[in-house]
Amino acid sequence: MLKRTMFGLVMGTMVATLGCEKPPAPAAPETAAEPASYDAIDESMVPVEKPADPAMAAPESAPEAAENPAPAETKPAEAKPAEAKPAAALPKKVVLGDPSLTAGIPGEGKLTLEQISAWLATPGVHETLEIELPFGLSQASSSIKGIDTNPMTRAKIELGRQLYFDGRLSSDGTISCASCHDPAAGYAAHTQFGIGVDGQQGGRNSPVAYNRILSDKQFWDGRAESLEAQAVGPIANPIEMANTHEACVETLKGIEGYKVQFEAVFGPDSLNIDNVGKALATFERAIVTGPAPYDYYAAVEPFLTQFTPEDLADLEDDDPDLYERYSRLKADADAHPMSESAIRGKKLFFSEKSNCTACHAGANFTDELYHNLGVGMDAEKPDLGRYEITKEDKDKGAFKTPTVRNVALTAPYMHDGSQKTLAEVVEWYAKGGHPNDHLSDKVKKLDLTDQDKADLVAFMEACTGDFPKVEPARLP
Ligand code: HEC
Ligand code: HEC
């Protein structure tokens, strides 16, 4: 009886701690297995010698097999499949972050037509994927956007990957999406403003291009209704890629490798700007943040805070399954530790005292809404943000809440890139933002000690997880 109550307590707390919009399915005990399966993803990149479990098929193996359709018996002896089988289809079910989605068509150097054709003929690449989010972000699974109207397939993600890194989408061939949303810079850029063709600059900082699968309206002011609509914007933006959609499509049509991929992914005569947007959006949806020390800690925290060491010892006898689950969570958390400072910072971040989660809510730490913190409002002609789209007074100077996941990698901060460090951001909140007529009523002067401020920074740093392995260079 007591045991059940305690278990209920644990689950209840997990829900509250993770701040998710919807309680996870009652299958919560399974979440314990997730970190393990996510870790296992890396192993799937290791060339397998044994016949691979279809769910773990090495991404390399299938395309190679397709390129070289030798019967299974002629494979090296170690591969000895029990019976001769055709190349296993790449799995339909996949956890985003799996490198087989974004690490590119196997091989080296420029993509050849042969490699592309073999890839397009690989069983499974055109199947609509059944995706899951990685542990941590998975708490937001009910908020996935856009995949009903633009289903994810491996071939579409791969096409989007190539387009994302291809400077030929710009007028002079020099600027790609990755110029301003660079994986090496946390899918953002370490410059105050985006720098486009001919070194031109706008007035806004490059936001991150990851975890977009949880977001529908795009841009700091939400002016693009979808990721697809957003993706084609920069191509024709005179200060970004400075091209026209027509010229961009003409260029792509001149590249045989793209022609065959568009045809295979979208059908005949499908190389048009809308499908460029769909492919780019699909690649971006595959870029998600892996589990962070915060996620591992949050999963085990209820056990640590609500059970005494004696309770835990009793648990080993009373409920071996629950104890086993606790042990696994504890081991995962120990392997990805949060500092004491980060643990204090977590408590503060989720408290009314700091009020951070009034806006940075849910598993991706954003309400996807627009707020005025006063950033840039002291300028002579301030950027009015969301107001320019809605013309509603309340939206003056309001910008979309960015995620806090992996934010430690994406300095500088805010829509105008005016704040250089996380410590500077925390100071901004401590002083209550910048006073102006439209300041959010959720932003108030905070009573924080220097230690509190350092703790908040440490917490945000502990929200950093791995990005998927991505191939930036191989293009047709
Ligand atoms: C010259 C730099 C630059 C280039 C090139 C560029 N972007 Fe951006 N991107 C920005 C800036 C700056 C913003 C914010 C603009 C705004 O909000 O008004 C932005 C916004 C975005 C957003 C919105 C994110 C959010 O949180 O709302 C996405 C997604 C994005 N870009 C993806 C892309 C893709 C895909 C490409 C290539 C087709 C691309 N960008 C090319 C600088 C760039
Ligand atoms: C009223 C809603 C709200 C509250 C409360 C809030 N934030 Fe924010 N946060 C935002 C918005 C909106 C932005 C972007 C503002 C801009 O660029 O003008 C932002 C920006 C940030 C950024 C910069 C991210 C980036 O990519 O540029 C960080 C870091 C951050 N907030 C952390 C915090 C912390 C820590 C707290 C609590 C002390 C907090 N926020 C409280 C809404 C909020």
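1. Helices (H or I, at least four residues) and strands (E, at least two) are taken as DSSP runs and numbered from the N terminus. Residues are numbered from 1 along each chain as its sequence is written, while chains are lettered from A and ligands numbered from 1 in the order in which they are written. The model is predicted: local features need pLDDT of at least 70 and side-chain atom pairs count only at pLDDT 80 or more, whereas totals for chains, interfaces and linings use all residues.

2. Ligand 2 is surrounded by 27 residues, counted where the C-beta atom, placed from the backbone, lies within 6 Å of the ligand. The closest are C356, C359, V375, Y413 and H415. Helix 17 (422-430) and helix 18 (450-461) are the elements that give two or more residues to this shell, and helix 17 supplies the largest share, four residues. By class the shell has 18 nonpolar, eight polar and one charged residues; Ala, Val, Leu, Ile, Met, Phe, Trp, Tyr, Cys and Pro count as nonpolar, Asp, Glu, Lys and Arg as charged, and the others, Gly among them, as polar.

3. Helix 12 (residues 293-306) has 14 residues and spans 20 Å from its first C-alpha to its last, close to the 20 Å expected (1.5 Å times one less than the number of residues). A bend of about 45° occurs at V300, with the proline P302 following within four residues; the bend is the angle between axes fitted to the seven residues ending at a residue and the seven starting there. Because eleven of its 14 residues are buried, helix 12 is largely enclosed by the rest of the structure (buried: 20 or more other C-beta atoms within 10 Å of the residue's own, C-beta atoms being placed from the backbone). Among the buried residues are Y294, V300 and P302.

4. The largest nonpolar core has 55 residues, of which L163, L280 and V288 touch the most other members. Such a core is a set of buried Ala, Val, Leu, Ile, Met, Phe, Trp, Tyr and Cys residues joined through C-beta atoms within 7 Å. Helix 11 gives the most to this core, with six residues. Apart from this core lies another, of 30 residues, among them Y297, F303, F459 and C463.

5. G97 is found in the loop between strand 1 (93-95) and helix 4 (99-102), and it counts as buried because it has 26 C-beta neighbours inside 10 Å. The C-alpha atoms of G97 and D466 are separated by 8.6 Å, although the two residues are 369 residues apart along the chain.

Terms used
A residue is buried if 20 or more other C-beta atoms lie within 10 Å of its own, exposed if 12 or fewer, and partly exposed in between; C-beta atoms are placed from the backbone.
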